[in-house]
Amino acid sequence: SATPVKVAVTGAAGQIGYSLLFRIAAGDLLGPDTPVQLRLLEITPALKALEGVVMELDDCAFPLLDSVEIGDDANTIFDGANLALLVGARPRTKGMERGDLLEANGAIFTAQGKALNDHAADDIRIGVTGNPANTNALIAKTNAPDIPAERFSALTRLDHNRAISQLAAKTGAKVTDITKMTIWGNHSATQYPDIFHAEIAGRNAAEVVNDQAWIADDFIPTVAKRGAAIIEARGASSAASAASATIDAARDWLRGSAEGDWVSMAVSSDGSYGVPEGLISSFPVITKNGDWEIVQGLDIDDFSRAKIDASVAELAEERDAVTKLGLI
Ligand code: NAI
């Protein structure tokens with residue numbers, strides 16, 4: 001049988017973890033033929049709760065779950081990891097300024113970047129879900145100089161999936177008919193969900209919609225503010241959908257995006273589409289065997305250009321803020 005893959009998950013006792021771990025153990029990430037060894041990192045006070053989650057994982061008797069290891073030391077948990085899903089982060093609490101949030105998360109992602117650098121397997125891939133995801137990925141990447149920059153990504157797949165769902169609802173199409181959706185920029189309210197290159201059963205989505213006001217005043221803000229709408233309705237932030245998107249993103253990265261389609265992923269910019277090199281910004285990408293390639297040659301009109309530039313400017317500001325804090 002296949003060699004087990006070591007998947008590290010941080011923040012494993014959190015809300016997203018409670019959905020994510022069970023999906024991974026069920027085979028949704030690596031497929032039905034590959035056993036998984038889970039390596040779960042938490043902060044010390046959350047280890048007891050994590051033990052409870054592991055009891056539940058045991059109780060599922062998942063055929064593909066080879067082993068589970070838990071701990072509060074990143075150096076041990078990341079040892080030999082092939083994939084690290086960095087979900088755990090410091091949430092913004094009352095009275096916390098943006099700078100405080102960047103600083104608290106900076107400390108976490110500096111330490112985790114170093115631990116990955118020193119202990120992960122040579123084929124490590126790292127996906128950051130914990131917010132601010134793009135900048136957290138930038139901090140981890142900068143603190144892991146021996147790991148190629150292409151191995152780091154931040155999650156914009158939830159935004160991508162939300163955009164597909166909204167477009168399907170508007171047009172009556174099935175989600176499976178919608179391809180080539182793109183999220184550009186930051187996983188934040190400035191993100192730009194772009195349907196000008198998307199297709200619905202092979203037809204250009206913007207032409208099918210034929211309603212620029214809907215795109216500008218309804219679709220884009222609905223996708224960008226969906227996280228807040230979930231909090232408002234559910235009284236807690238999106239968790240199962242975030243876990244599902246974390247799986248979609250990692251699965252496609254390792255096993256390939258669908259033929260004739262692409263996915264959105266925040267990756268280290270090579271300067272494509274005028275995004276400054278090294279920023280972790282969302283692009284349309286094609287993935288295969290653990291590698292990604294930015295889709296080239298898309299026409300960007302003035303409307304899209306302004307939206308992309310605004311989100312990228314925010315990423316540059318976040319980078320400057322963490323540079324000032326000495327985190328990168
Ligand atoms: P949560 O607060 O329920 O769980 C976070 C867990 O991380 C906690 O159990 C906490 O103890 C742990 N943690 C904190 N610092 C840690 C460290 N240094 N090492 C290991 N574990 C640590 O939060 P939830 O709902 O699971 O969300 C996790 C993160 O994902 C948040 O930052 C949230 O904003 C982000 N998120 C990102 C989305 C995206 O699309 N990129 C979507 C939804 C959430």
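UniProt, in an unreviewed entry, lists residues 156–323 as "domain: Lactate/malate dehydrogenase C-terminal"; its positions are given in the numbering used here, its feature names are shortened, and its annotations may be inferred rather than shown by experiment. The structure is a predicted model, in which local features need pLDDT of at least 70 and side-chain atom pairs count only at pLDDT 80 or more, while totals for chains, interfaces and linings use all residues. Residues are numbered from 1 along each chain as its sequence is written.

**The annotated span**

- The span of residues 156–323 is 48% helix and 18% strand, and its end C-alpha atoms lie 23 Å apart; helices (H or I, at least four residues) and strands (E, at least two) are DSSP runs, numbered from the N terminus.

**The nonpolar core**

- The largest nonpolar core has 91 residues, of which Val9, Ala84 and Ala140 touch the most other members; such a core is a set of buried Ala, Val, Leu, Ile, Met, Phe, Trp, Tyr and Cys residues joined through C-beta atoms within 7 Å.
- Helix α10 (residues 240–255) gives the most to this core, contributing 8 residues.
- At least three residues of this core come from each of domain 1 (5–154) and domain 2 (157–317), with bounds taken from an automatic or database domain assignment.
- Apart from its neighbours within four places in sequence, Ala84 is in contact with Ala8, Phe78, Leu116, Ala120, Ile124 and Ile126, where contact means that the C-beta atoms of two residues, placed from the backbone, lie within 7 Å.

- Helix α5 is mostly covered, with 9 of its 10 residues buried; a residue is buried if 20 or more other C-beta atoms lie within 10 Å of its own, exposed if 12 or fewer, and partly exposed in between, with C-beta atoms placed from the backbone.
- Among the buried residues of α5 are Ala133, Asn134, Leu138 and Ala140, and Ala140 is also one of the core members that touch the most others.
- Proline 132 is placed in the loop between β5 (125–128) and α5 (133–142), and a cis peptide bond with omega of about -5° joins asparagine 131 to this proline.

**Two loop residues with positive phi**

- Alanine 61, in the loop between α2 (47–60) and β3 (65–71), has a phi near 45°, a positive value in a residue other than glycine.
- Alanine 61 is exposed, because 7 other C-beta atoms lie within 10 Å.
- Lysine 180, in the loop between β7 (178–179) and β8 (182–184), has a positive phi near 60°, and this residue too is not glycine.
- Lysine 180 is buried, because 20 other C-beta atoms lie within 10 Å.
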